[in-house]
Amino acid sequence: MIKTLQQLKEVNPSWFTPENKKFFNDINYKLLTGSKSKNKFLIQHTNQFSDMFTGIKKSVFVIKPITIDGKIGPRATTVETIEKVKEYLKLN
């Protein structure tokens, strides 16, 4: 079972390369635990473009579940604030 972000990076080395971080406009990553399920979730703090014409970036948090063997699952949800991340984790 994955317990730290460093362990997650070791299992998924291509996810955390400087090139991927730059390409996907990622700011940082956190590995947090759901309150009810005790499952791990990768929190990607990233910049999304609001539209392709203005190029305005919008900071969001993408929440992705982590399997027991450390695989990163598909996006569960995207929220605008860290407070909403905490609310999501309380319910999961």
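# Briefing: strands, a pocket and selected residues

Strands β3 and β4 (residues 77-79) pair in the antiparallel sense over three bridges. Two strands pair if DSSP finds at least two bridges between them. Strands (E, at least two residues) and helices (H or I, at least four) are DSSP runs, numbered from the N terminus. This is a predicted model, in which local features need pLDDT of at least 70, side-chain atom pairs count only at pLDDT 80 or more, and totals for chains, interfaces and linings use all residues. Residues are numbered from 1 along each chain as its sequence is written, and side-chain values use heavy atoms, with hydrogens and water left out.

**Strand pairing**

- Isoleucine 63 stands opposite threonine 77 in β4.
- Strand β3 covers residues 57-65 and pairs with β2 in the antiparallel sense, over nine bridges.
- Phenylalanine 41 has proline 65 in β3 as its bridge partner.
- Strand β1 (residues 26-33) pairs with β2 over seven bridges, again in the antiparallel sense.
- Threonine 46 in β2 is the bridge partner of aspartate 26.
- Threonine 46 also stands opposite valine 60 in β3.
- Strand β2 (residues 40-49) has seven buried residues out of 10, so the rest of the structure largely encloses it.
- Buried means under 20% relative accessible area, exposed means over 50%, and partly exposed lies in between (1.4 Å probe, protein chains only).

**Turns and positive phi**

- Strands β1 and β2 form a hairpin, with six residues between them.
- Lysine 38 lies in the loop between β1 and β2.
- The phi of lysine 38 is positive, about 65°, although the residue is not a glycine.
- Lysine 38 counts as exposed, at 52% relative accessibility.
- Asparagine 25 sits in the loop between α2 and β1.
- Asparagine 25 also has a positive phi, near 60°.
- Most residues other than glycine have a negative phi.

**The largest pocket**

- The largest pocket holds about 200 Å³ of space.
- A pocket is an open set of points on a 1 Å grid over the protein atoms alone, where a 1.4 Å probe fits, with protein on both sides within 12 Å along at least five of seven lines; lining residues have an atom within 4 Å of a point.
- Grid points are joined across faces, edges and corners, and a volume is the space filled by probe spheres set on the points.
- Strand β2 gives the most to the lining, with four residues.
- Among the lining residues are Trp15, Asp26, Thr46, Val62 and Arg75.
- The lining divides into three nonpolar, five polar and three charged residues.
- Ala, Val, Leu, Ile, Met, Phe, Trp, Tyr, Cys and Pro count as nonpolar, Asp, Glu, Lys and Arg as charged, and the others, Gly among them, as polar.

**Serine 59**

- Serine 59 is found in strand β3.
- Serine 59 is partly exposed, with a relative accessible area of 33%.
- The side chains of serine 59 and histidine 45 make a polar contact (2.6 Å).
- A polar contact is a pair of N or O atoms within 3.5 Å; within protein, one must be able to donate a hydrogen and the other to accept it, and residues adjacent in sequence count only if both atoms are side-chain atoms.
- The C-alpha atoms of serine 59 and asparagine 25 are separated by 9.5 Å, with the two residues 34 apart along the chain.

**Asparagine 12**

- Asparagine 12 lies in the loop between α1 (5-11) and α2 (18-23).
- Asparagine 12 is buried, with a relative accessible area of 8%.
- Not counting residues up to four places away in sequence, asparagine 12 touches Gly70, Lys71 and Ile72.
- Contact means heavy atoms within 4.5 Å.
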